[in-house]
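The sequence and structure come next.

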Amino acid sequence: MIETDGLFYVFGDGTVGLQDISLNLPTGSRTLLIGANGAGKSTLLRILAGKTLAKLGKTTVDGRDPFRDGLQNATYLGTEWASNPTVRRDVPVTLLIASVGGDAYPERRDELVDILDIDLTWRMNAVSDGERRRVQLCMGLLRPWTSLFLDEVTVDLDVLVRHRLLEFLKTETETRHCQIVYATHIFDGLMGWPSHIVHMHLGQALEAATTEAVLKKYQNSGPNSRLLQVALQWLQEDLTRRGQRQKRTWEEVRGTVDEGLDHSEKFDKYFKLTRGRE
């Protein structure tokens, strides 16, 4: 199971990324993280996967601290993989899949290749972003995992492949000792998939409950699916809570830029200032 108690995370510049997150997600759960951009979903996923250390609060996955103890059977899949230059080179897809255990799990490999509709003759420099994403998912899901953390990795998939993948993941949680936490902005086809929902806003978990409890609380009042309608309602309420983003006018902000520089010099100056932060 996945548990957090009083979890806080603060970025290097002092910005609070997560505030007092307490969750209890049981084995077999499929948890959907819902929130606007910047709500803290990716930060939470990286902490749960042991990729980032939160110095305040407690986090355990199957009884282990994911950062300090490490997680042997956890998989984290994010969007950054597809932009890695290595996976854009002239490399056979079979070589990549074999490099992560394709020959050790032949049945699982063949099932994933079929579900994700991967052509084994593909070369990584000659595929689309969606096809490259399918290869990432195949590689990431190849070895059986007990905890799976997905951060927007289905955004490039067509609707059929995404549906088949979600059905595969649902079966995994129903037949094995495992759990999933999934952040996405695409809610079509998700009705009946998540067992739990967490509503995140400005680093807080405003609501965390079973999907049944959430849908019972929020009645459908539009043409969309009940799950999408809840997401739309939450995000609209979040926007109202946050208030107006712009505190200064365009002219006031532009006035802080050195007007004596031409546009190319301004960009050069900006990138010199920001390059060290990336």
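## The second largest pocket

The second largest pocket is lined by Ala36, Asn37, Gly38, Ala39, Met200, His201, Leu202, Leu235, Asp238, Leu239, Arg242 and Arg245. Two elements, β8 (196–201) and α7 (226–242), each give two or more residues to this lining. The largest share comes from α7, with four residues. The lining of the second largest pocket holds six nonpolar, three polar and three charged residues, where Ala, Val, Leu, Ile, Met, Phe, Trp, Tyr, Cys and Pro count as nonpolar, Asp, Glu, Lys and Arg as charged, and the others, Gly among them, as polar. The space in the second largest pocket is about 210 Å³.

A pocket here is an open set of points on a 1 Å grid over the protein atoms alone, where a 1.4 Å probe fits and protein lies on both sides within 12 Å along at least five of seven lines; lining residues have an atom within 4 Å of a point. Grid points are joined across faces, edges and corners, and the volume is the space filled by probe spheres set on the points. Helices (H or I, at least four residues) and strands (E, at least two) are DSSP runs, numbered from the N terminus.

## How the model was treated

The model is predicted: local features need pLDDT of at least 70 and side-chain atom pairs count only at pLDDT 80 or more, while totals for chains, interfaces and linings use all residues. Residues are numbered from 1 along each chain as its sequence is written, and side-chain values use heavy atoms, with hydrogens and water left out.

## The six-stranded sheet

Six strands make an open sheet with mixed pairing, in the order β5-β6-β7-β3-β8-β9. Two strands pair if DSSP finds at least two bridges between them. β5 (74–77) and β9 (204–210) are at the edges with a single partner strand each, so one side of each has no neighbour in the sheet. From one strand to the next, the twist averages 15°.

Strands β3 (residues 30–34) and β7 (residues 179–183) run parallel and are joined by four bridges. Opposite Leu32 stands Tyr182 in β7. Helix α7 packs on this sheet and touches β3, β8 and β9, its direction making about 20° with that of β8. Helix α1 (residues 41–48) lies across β3, β5, β6 (147–151), β7 and β8, and runs at about 155° to β6. Contact means heavy atoms within 4.5 Å. Axes are lines fitted to C-alpha atoms, for helices over the stretch in contact, and angles run from 0 to 180 degrees between N-to-C directions.

## The three-stranded sheet

An open sheet with antiparallel pairing has three strands in the order β2-β1-β4. Its edge strands, β2 (16–25) and β4 (56–61), each pair on one side only. The twist from one strand to the next averages 20°.

Five bridges link β1 (residues 2–10) with β4 in the antiparallel sense. Thr4 has Thr59 in β4 as its bridge partner. Helix α1 packs on this sheet too, touching β1, β2 and β4, and its direction makes about 120° with that of β1.

## Helices packed on α5

The axes of α3 (residues 106–115) and α5 come within 9 Å and cross at roughly 145°. In this contact, Arg108, Glu111, Leu112, Asp114 and Ile115 of α3 meet Val161, Arg164, Leu165, Phe168 and Glu172 of α5. These residues divide into five nonpolar, no polar and five charged.

Arg134, Leu137 and Leu141 in α4 meet Val161, Leu165, Phe168 and Leu169 in α5. The contact of α4 with α5 has six nonpolar residues, no polar ones and one charged.
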